[in-house]
Amino acid sequence: HNTKQTVSSAMAMRPWILGLCVCELLAPGVAKSSDLPRFAKKWWSLGPFASGKVEYDGDPLVPLGGARQLFERGPGSGLKSGLQETFLTEHATGGSVKWRSTEARVSDDGFHYVQLPHDHVPFQGLMQNPPLGGSADVLHVQYWAVGTVKVKVPGRYSFNCRGLHTFEIVKSGGGSNASSIGPLAGNIYSDSFGATPVDLAEGSYRLMARVRGKVPMQFGCSLKSIQKALQANVQPKNLPDVVLGTLIAGPSPVDLRVLNSGDKWLNV
C-alpha cells in the first residue's frame, strides 16, 4: 500500500513539475498596462482590387505612388477632402473605390481583429457574371489596410499578426519619406508562436499591410512587451507518453520550439 501511494504521489507531482518548467519558459515579461503600445480602434482599408496568382500578381497602387503616399494625402492628412479620392477597380459598382474606415474587434487574448469591408461590392452578382475566369475567381482579391499604434515607452515589442503574410511599420507624420521598418513577417497561418520583434521609440506609428485572400477576409494583430530574448513553446501533443514514471517508447526527442527576440545569435 505504501509503495502504491508513493508511486501515485510521484505521478501526481510530475505534471506539476513539467508545468512549472514550461511556464517559466513561456512567460514573457509584460510592461505596465498603461505603458503598453496600443492599436487605435479605427483602421483604414482600400479595396478590393483584382488579385491573381503569386507569380503574376502585383500591387495596383504602385503606379499611383504607392500605398504610403496615397494614405498620407488621404486619411493620413486628417482632411475630409483626402477621403474623396477614388481608385479604379473591376469589382466595385461604378468602377471605383475610396478609403473606408472600420472598427477593430478586440478578442479576449488581446488581438485586434479587422474585418475588411466588402458590403460596397456586389459579389453575388459578380459571381453570376464574373469579369474574367470562374465564379470563385472573383472572390480572390487584395486590399491595403492601415492601423495606428501609439508608443509611450521606448522598447522592444513583439507584433503577432494572424492572417498577414507581411507588414511594415511606418513612423507617422513623416509623409511619404517617413522611416519604415519592414517588410516584417506576419503570422499567415495563425500559428501560436508567430510573433516578430521590433524596436520602437516613443511616438506614433502606422502598421501597413497588403492583404490578399478570399472574401470575406479578416486579420488580427497583437502587441506585447519583450523582456526575455529567448522564449520556448512546448505543445502538450508533442510531449512523450509517461506511464508509472517511465517513457513508453524509451528516450525520445521533445519538439521544443524557440523564439529568439534578441539582436544576436544565441546558443540553445
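How many helices and strands does the secondary structure of the protein come to? The count is 3 helices and 18 strands. The model is predicted, so local features need pLDDT of at least 70 and side-chain atom pairs count only at pLDDT 80 or more, while totals for chains, interfaces and linings use all residues. Residues are numbered from 1 along each chain as its sequence is written, and side-chain values use heavy atoms, with hydrogens and water left out.

The protein has 268 residues, and 35% of them are buried. Buried means under 20% relative accessible area, exposed means over 50%, and partly exposed lies in between (1.4 Å probe, protein chains only). The accessible surface comes to about 16,000 Å². Carbon and sulfur atoms hold 56% of this surface. Areas were computed by the Shrake-Rupley method with a 1.4 Å probe; for residues, only the protein chains shown count as cover. Contacts (heavy atoms within 4.5 Å) were then sorted by sequence separation. Among those between residues at least 6 apart in sequence, 76% join residues at least 24 apart.

The largest pocket has a volume of about 510 Å³. A pocket is an open set of points on a 1 Å grid over the protein atoms alone, where a 1.4 Å probe fits and protein lies on both sides within 12 Å along at least five of seven lines; lining residues have an atom within 4 Å of a point. Grid points are joined across faces, edges and corners, and the volume is the space filled by probe spheres set on the points. The lining holds 25 residues, of which His165, Thr166, Arg210, Val211 and Arg212 are the closest to the pocket centre. Strand 8 (140–151), strand 10 (166–171), strand 11 (180–185) and strand 13 (203–214) each supply at least two lining residues. Strand 13 gives the most, with 6 residues. By class, the lining has 11 nonpolar, 10 polar and 4 charged residues. Here Ala, Val, Leu, Ile, Met, Phe, Trp, Tyr, Cys and Pro count as nonpolar, Asp, Glu, Lys and Arg as charged, and the others, Gly among them, as polar.

Thr166 is found in strand 10. Thr166 counts as partly exposed because its relative accessibility is 31%. Leu184 is 18 residues away from Thr166 in sequence, yet the two are 5.4 Å apart in space, C-alpha to C-alpha. Beyond residues up to four places away in sequence, Thr166 touches Pro183, Leu184, Gly186 and Ala209.

The loop between strand 3 (87–88) and strand 4 (96–97) contains His91. Thr89 is also placed in the loop between strand 3 and strand 4. His91 is buried because its relative accessibility is 7%. Thr89 is buried too, with a relative accessible area of 9%. A polar atom of the His91 side chain lies 3.3 Å from the backbone oxygen of Val138. For Thr89, a polar side-chain atom lies 2.7 Å from the backbone oxygen of Pro48. Thr89 touches Pro48, Phe49, Gly95, Ser96 and Val97, with residues up to four places away in sequence not counted.

Val258 lies in strand 18 (residues 256–260). At 38% relative accessibility, this valine counts as partly exposed. Val258 and Val234 are 24 residues apart in sequence and 9.0 Å apart in space, C-alpha to C-alpha.

How values were computed: Helix = DSSP H or I, 4+ residues; strand = E, 2+ residues; numbered from the N terminus. Polar contact = N/O pair within 3.5 Å; in protein donor to acceptor, adjacent residues only side chain to side chain.
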